[in-house]
Amino acid sequence: MSKLEAFFLGIIQGLTEFLPISSTGHLYLGRLAFGLEEAGLFLDTMLHIGTLIAVLVVYQKELLHMIRHPFSKLSLILVIGTIPAVIVGLLFKDFFDSISKNGVTIGWEFLATGFIMYFADNVKGGYKKLQDLTYTDALVIGSFQAAAIFPALSRSGLTIAAGLIRKLDRETAAYFSFLLSTPAILGGIVLQGKDLFSGHVEAISFTSLLIGTVSAGLFGYFAIVGMINFLKKRSLKVFSYYVWALGIAILILQFTGVL
């Protein structure tokens, strides 16, 4: 893998982890574009570390507060919101890994992501701030996050949509979605790390790994900040139109045998 390929895969991971358009689905398409059957488990892990660093930088105050006050309401809400994804991930990891590798369902999943976001964007009257979140809100949003284990169901798209459905205001829906990504990304890194130590690791240069990690972290940071600011005044529907167009294009290419 070249340094340029690692750089662009890092950009894809960083942007699409937090933009509501599916990082896994876009990484699959990115590997196809570069002619890479796999990006390599080690690189994939490092890309996720890059996005984790981005989240840690943006949410350092909240995370430090939760470390110092592990039984605070915010800490408990984060734990409750993470439980559904942990259950689904542990029970069905191998099944969803197989789906992710062949990409057979990603066209339909892009379409589903668009419909969910479009519906949620029409929900009016969101008023809840971060301090107003209930444990039920966290469980519902976390359940949407668990559904995003399908490769092209966008985690950020579904959790932001769930927040809007639960009457969070638009900025808070995005803000909590990205905060909730912290344990999800960390859990994915831990699971990938386990696979790294138990299997064959692809040979990728240190420089390529570093470039991919830095680009994922940098563009992830910009995606988080940009998305929160974007949703203050603008609609999710633009992302619905994008994933609809992408999903239809993929289905056509799969039907014609190109993919």
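Which residue has its charged end over the ring of Tyr118? Select Lys237: its charged end sits over that ring, 4.8 Å from the centre. A charge counts as over a ring if NZ of Lys or CZ of Arg is within 6 Å of the ring centre and within 35 degrees of the ring normal.

This is a predicted model, in which local features need pLDDT of at least 70 and side-chain atom pairs count only at pLDDT 80 or more, while totals for chains, interfaces and linings use all residues. Residues are numbered from 1 along each chain as its sequence is written, and side-chain values use heavy atoms, with hydrogens and water left out.

**Stop 1: the aromatic rings**

Rings of Phe, Tyr and Trp (its six-membered ring) pair if their centres lie within 6.5 Å; planes under 30 degrees apart count as stacked, over 60 as edge-to-face and the rest as tilted. The whole structure holds ten aromatic pairs. One of them joins Tyr118 and Tyr241, a tilted pair with 6.4 Å centre to centre and 55° between the planes. Tyr118 belongs to helix 6 (residues 106–121) and Tyr241 to helix 11 (residues 237–255), 123 residues apart. Helices (H or I, at least four residues) are DSSP runs, numbered from the N terminus.

Colour by relative accessible area next: buried means under 20%, exposed over 50%, and partly exposed in between (1.4 Å probe, protein chains only). Tyr118 is partly exposed at 29%, and Tyr241 is partly exposed at 45%.

Then select Tyr221 and Phe222. Their ring centres are 5.8 Å apart and their planes stand at 70°, so this pair is edge-to-face. Tyr221 is partly exposed, with a relative accessible area of 33%.

**Stop 2: the nonpolar cores**

A nonpolar core is a set of buried Ala, Val, Leu, Ile, Met, Phe, Trp, Tyr and Cys residues joined through side-chain atoms within 4.5 Å. The largest has 43 residues, and Tyr59, Ile160, Phe176, Phe178, Leu179, Ile224 and Leu236 have the most contacts inside it. Helix 9 (residues 170–198) gives the most to this core, with eight residues. Apart from this core lies another, of eight residues, among them Leu36, Ile204, Leu209 and Ala216.

Centre on Leu179. Not counting residues up to four places away in sequence, Leu179 touches Tyr59, Glu62, Leu63, Met66, Leu74 and Leu78; contact means heavy atoms within 4.5 Å.

**Stop 3**

Ser215 is in helix 10 (residues 206–233) and is buried, with a relative accessible area of 3%. A polar atom of the Ser215 side chain lies 3.2 Å from the backbone oxygen of Phe7 and one lies 3.1 Å from the backbone oxygen of Gly212. A polar contact is a pair of N or O atoms within 3.5 Å; within protein, one must be able to donate a hydrogen and the other to accept it, and residues adjacent in sequence count only if both atoms are side-chain atoms. Beyond four places in sequence, Ser215 touches Ala6, Phe7, Gly10, Ile11 and Gly220.

Move to His48 in helix 3 (residues 41–58). His48 is buried at 16% relative accessible area. Leaving out residues up to four places away, His48 touches Gln13, Glu17, Ile185, Ile189 and Gln192.

**Stop 4: into helix 2**

Select Leu19, in the loop between helix 1 (3–18) and helix 2. Outside four places in sequence, Leu19 is in contact with Ser154, Ser156, Ala223 and Met227.

Ser22 lies in that loop as well. Ser22 is buried, at 2% relative accessibility, and has a positive phi, near 80°, though not a glycine. Ser22 caps the N-terminal end of helix 2, with a side-chain oxygen 3.0 Å from the backbone nitrogen of Gly25.

Follow the helix itself. The expected span of a helix is 1.5 Å times one less than its number of residues. For the twelve residues of helix 2 (residues 23–34) this gives 16 Å, and the end C-alpha atoms are 16 Å apart, which agrees. Buried residues in helix 2 include Leu27, Tyr28 and Arg31. Gly35 follows the helix, with a positive phi near 70°.

**Last stop: Lys167**

Lys167 is in the loop between helix 8 (155–165) and helix 9. Its phi is positive too, near 70°, and Lys167 is partly exposed, with a relative accessible area of 30%.

Terms used:
Helices (H or I, at least four residues) and strands (E, at least two) are DSSP runs, numbered from the N terminus.
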